[in-house]
Amino acid sequence: MRYFARRIGFFIATLWAAITLNFVIPRLQPGDPAEIMVRKLASRGTGDAELDPAKVRAMRAMLGTPEGSLWEQYVEYLRNLARGEFGISFTYYPFTVSEVIGQALPWTLVLAGVTQVLSFLVGVTLGAFAAWRRNSRFDSIVTLGSTFLGTLPQFWVALLFLFLFGYTLGWFPTAGGYSEAMPGWNLEFIAEAIHHSILPAAVLMLTVPTGWILGMRNTMVMNLGEDYIRLAKAKGLPDRLIALRYAARNALLPSITGLALSLGGIFGGLILIEQAFDYPGMGRLMAEAVSNRDFPLLQTLMLFSVVGVLVANLIADMLYGVLDPRARKAQA
Amino acid sequence: MSRRQRAAAVLASLTLVAAMTACGSDDAAESTGSDGMIEQLVFPAEGQASQGGLANYNVFAPNPTLWNGLFEPLMIRNSLTCEIIPWLATEYEWEGGDKLTFTIRDGVTWSDGTPFTAKDVAFTFNVGKQYPAADRAGLWNDSFGAPASSVTAEGNKVVITFTGNAVPKFEGIIGVQILPEHIYGSVGDPTKYVDEKGIGTGPFKVASYNGRRLVLERRNDYWQADKIKVKKIVHEGQYDAAQASLKLRSGELDAYTGEIPNPQRSFVDADPEKNHFFYAPAGMTVLTPNLTKAPFNDVKFREAIAYVMNKQEMSEKATYGIMKPASQSGLKLPYAAKFLPDTYTQEATILPYDVAKAEALLDAAGYRKGPDGKRTMPDGSPLAITFSVQAGWIDYQAIADVAVRGLNEVGINTRLVPSAPESVDAQKKSGDFDLLLEYLHGGCDMARNLGSKLHSGQFPTQTEVRSNVERWNDPATDATVDKLAASTDEAEQKALIGELVDTMMTKFPVISLLYAPERLIYRTDKAVGWPSEENPYVNPGARLVILTHLTAPSKS
């Protein structure tokens, strides 16, 4: 019990710190959102353009200037957070931040969520096989191959795939989450969405499983050297049973917590992939919010991201406590 | 799921999906028709934001889904020839500097059939009085002149009266996009309204929008429908330079207005018959010294460093040789040549790169070289200059790089410091800088562009970046600019502009470097009639004007 209580207490403390930093950090950046907006409107393409003071004035009147001291703004911010009001986005004025995030979130959740889970399954399976057949040719291919693939920069692989499969061969669309279908639960849209996500997913499936493969392989190799494995073999249990029921299951524990953490991280989006494929996810939104100094949107996105990781961390800790009796017993 | 099962599942879903989308895709329609009609043109999305699903055609939004094609302004200024093209207003008249009357065009209808009247115009301007956020032209405040006192519709005329001289407000006023009173009149604050239909007076109306692909169709009841030969326009996708270049080459995009590095090589050379670009000068990049600080407060020093700016090399490095060296007069030559006083020829106003002359001028002014080869101030103290440039703006960085090398070449110890653009803005506001690069607008209203760059009332404040970043402070210049702002007589304007040109050529408040472009990169396989180097009938940004000139290529 104390184990769980400690974990929850830690979670709340970290959450509060994250919320506060989330408020402070965007405000430390120089840059005036009104000027940035007007500059973008005026100069589509060129770096600089004369800022029309009349337009900046009107834009400032529209976006509103914060009232009160920093402390008062902070209290107001906490109050709004508690009510679930995240404010109106500057970039997407007059839509609220909730509406904007509601648009982007499904794309990221689906793309990142599905690829994370699939990568985990693929990686863990490959890692287990590689460990079981360690030092064989299969093992070398998997280990070396995945290390090579995993260290390739994602952005570069994305551009390569785009050029090869998108432009040259024309098998896949080159931009967007969908193209002509009307969004909604209709077959045309879902088919288009899948078609458009295949390339980004392929890039991710190529580079992400590495961590799982190597982690699983190494933990399992360690486990295979343990005495209880030797006892099981001595007792005559079939190899397959030893590998799956005992070695792999024990080796899986660190990977499960890793999976929980990586799922928490998907709220931050995959900025580079989304940028390369013009994919409308949370990563793109985050990049936009930063460059536009869109404080309401930026704060909420950072909050989602941080809270996602914290909650995932908490779940991972709890899960570890449930899955591994040793952790519970040691802390009690 | 085992690996083999997973592979099979993926393969199955792939084939299924490929089959479905192959059936559904629209292949490129026949693009040329008879009687000059163009079936369809494809442009990139105009909404700059990534979440296209939040459709909003309201022009007040920071990221409207569409900017060109639905709503129209009163008049359009051709920023190359400076002529004013009547649009929703057929003529205008100034009585003094404080009363402006527009005659509104007859026979215009909104895309929902309602007739367009002067009342819509009056409404559009009056709503800015109640809601300052809707006052983009600064009509009701003191930007660029005295605030308005009333806007009234009288029959087919709209009369705007001001509390004082407001001639410089003209550019902003004619550019305001007119809103329908019968729709926007009942929504309260128009900036907070989400316009999902986009009912405007423009040549197109929204046919469909699925959050990503916007299809516009031509209106038959548009007031100059006979000039619009494009039947459909598709706006889709936000592309960076690499993607845009690929799409243009493959014909998936018909025009692009962003930056593509080296367009000659990456685009035009692939098919010189069909691929073109037109980079019209829109303004110029100027070297901005801090005139409140030594040695920049010495006109002889400024004159000397004007000759170490190797503009040809800047053009090569920053714009692949496309943009030309700018005239020190501050005028956009050759388009604004009519404003140049007779004492100057166009060529003479473009200063050459002349190291020997610069060295001679510096020596004569007292900035002699010390034993280490570096120049010192006349009193012997060391001279060290910091050149701030916006990191990430590669063209600025290229220009700054050449400038710094030029300065160091004549012994002036200069250091280039790239910083975030917002930090450079902060330096402009605080006045704490040595040298930086700035933009001088090349618009036609000289009082607002060159004039405001030299007016002492336009120093940047703690919160706002204004035009006179270099802090040029001269009562004579202020008087000239004030008179220019109040003048509506062409001859008087030319004389006053001539005085400003003299100041630029003899006193060097800022040093002109290169013209900055307004870009248009386009194909002529589906539509001809784009503005170009050979036929610069309008600047690339005037999309409405260009749409009235486009027609299908003749079949030869």
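**Helix packing**

Student: Is the crossing of H5(A) and H9(A) left-handed or right-handed?

Tutor: The crossing of H5(A) and H9(A) is right-handed. A crossing has that hand if the near helix is turned clockwise from the far one by less than a right angle, and is left-handed if anticlockwise. This is a predicted model, in which local features need pLDDT of at least 70 and side-chain atom pairs count only at pLDDT 80 or more, while totals for chains, interfaces and linings use all residues. Residues are numbered from 1 along each chain as its sequence is written, and chains are lettered from A and ligands numbered from 1 in the order in which they are written.

Student: At what angle do the axes of H5(A) and H9(A) cross?

Tutor: Two packed helices are described by the angle and the distance between their axes. The axes of H5(A) and H9(A), the latter spanning residues 209-224, cross at roughly 35 degrees and come within 7 Å. Axes are lines fitted to C-alpha atoms, for helices over the stretch in contact, and angles run from 0 to 180 degrees between N-to-C directions. Among the contact residues are Phe120(A), Gly123(A) and Gly127(A) of H5(A), and Trp212(A), Gly215(A) and Arg217(A) of H9(A). Two residues are in contact if their C-beta atoms, placed from the backbone, lie within 7 Å. By class, this contact has 15 nonpolar, five polar and one charged residues. Ala, Val, Leu, Ile, Met, Phe, Trp, Tyr, Cys and Pro count as nonpolar, Asp, Glu, Lys and Arg as charged, and the others, Gly among them, as polar.

Student: How many helices and strands does chain A have?

Tutor: Chain A has 15 helices and zero strands. Helices (H or I, at least four residues) and strands (E, at least two) are DSSP runs, numbered from the N terminus. The C-alpha atoms of chain A fill a box of roughly 85 × 60 × 35 Å along the principal axes.

**Domains and chains**

Student: Which domains does the assignment give for chain A?

Tutor: Domain bounds come from an automatic or database domain assignment. For chain A, the assignment gives domain 1 (14-83) and domain 2 (97-330). Their centres, taken over C-alpha atoms, are separated by 34 Å. Twelve residues from domain 1 and eleven residues from domain 2 make the contact. On the domain 1 side, H1 (2-28) and H2 of chain A each supply at least two residues, and H1(A) gives the most, with seven residues. That side of domain 1 divides into eight nonpolar, four polar and no charged residues.

Student: In what order do the strands of the six-stranded open sheet of chain B lie?

Tutor: The order is E11-E16-E12-E15-E13-E14, with mixed pairing. Two strands pair if DSSP finds at least two bridges between them. The edge strands, E11 (255-256) and E14 (413-419) of chain B, each pair on one side only. Two bridges join E11(B) to E16(B) (residues 511-523), and these strands run antiparallel. Within that pair, Tyr256(B) stands opposite Ile521(B). Helix H10 (residues 394-409) of chain B lies across E12, E13, E14, E15 and E16, running at about 170 degrees to E13(B).

Student: Which way does E1(B) run relative to E10(B)?

Tutor: E1(B) and E10(B) run parallel, joined by five bridges. Leu41(B) has Ile233(B) as its bridge partner in E10(B). E1(B), residues 38-43, has five of its six residues buried. A residue is buried if 20 or more other C-beta atoms, placed from the backbone, lie within 10 Å of its own, exposed if 12 or fewer, and partly exposed in between.

**Backbone geometry**

Student: Where does Asp278(A) lie, and what is its phi?

Tutor: Most residues other than glycine have a negative phi, and most peptide bonds are trans. Asp278(A) has a positive phi near 55 degrees and is found in the loop between H12 (271-277) and H13 of chain A. With 23 other C-beta atoms within 10 Å, Asp278(A) is buried. Arg471(B) also has a positive phi, of about 65 degrees, but is partly exposed, with 19 other C-beta atoms within 10 Å. The peptide bond from Tyr93(A) to Pro94(A) is cis, with omega near 0 degrees.
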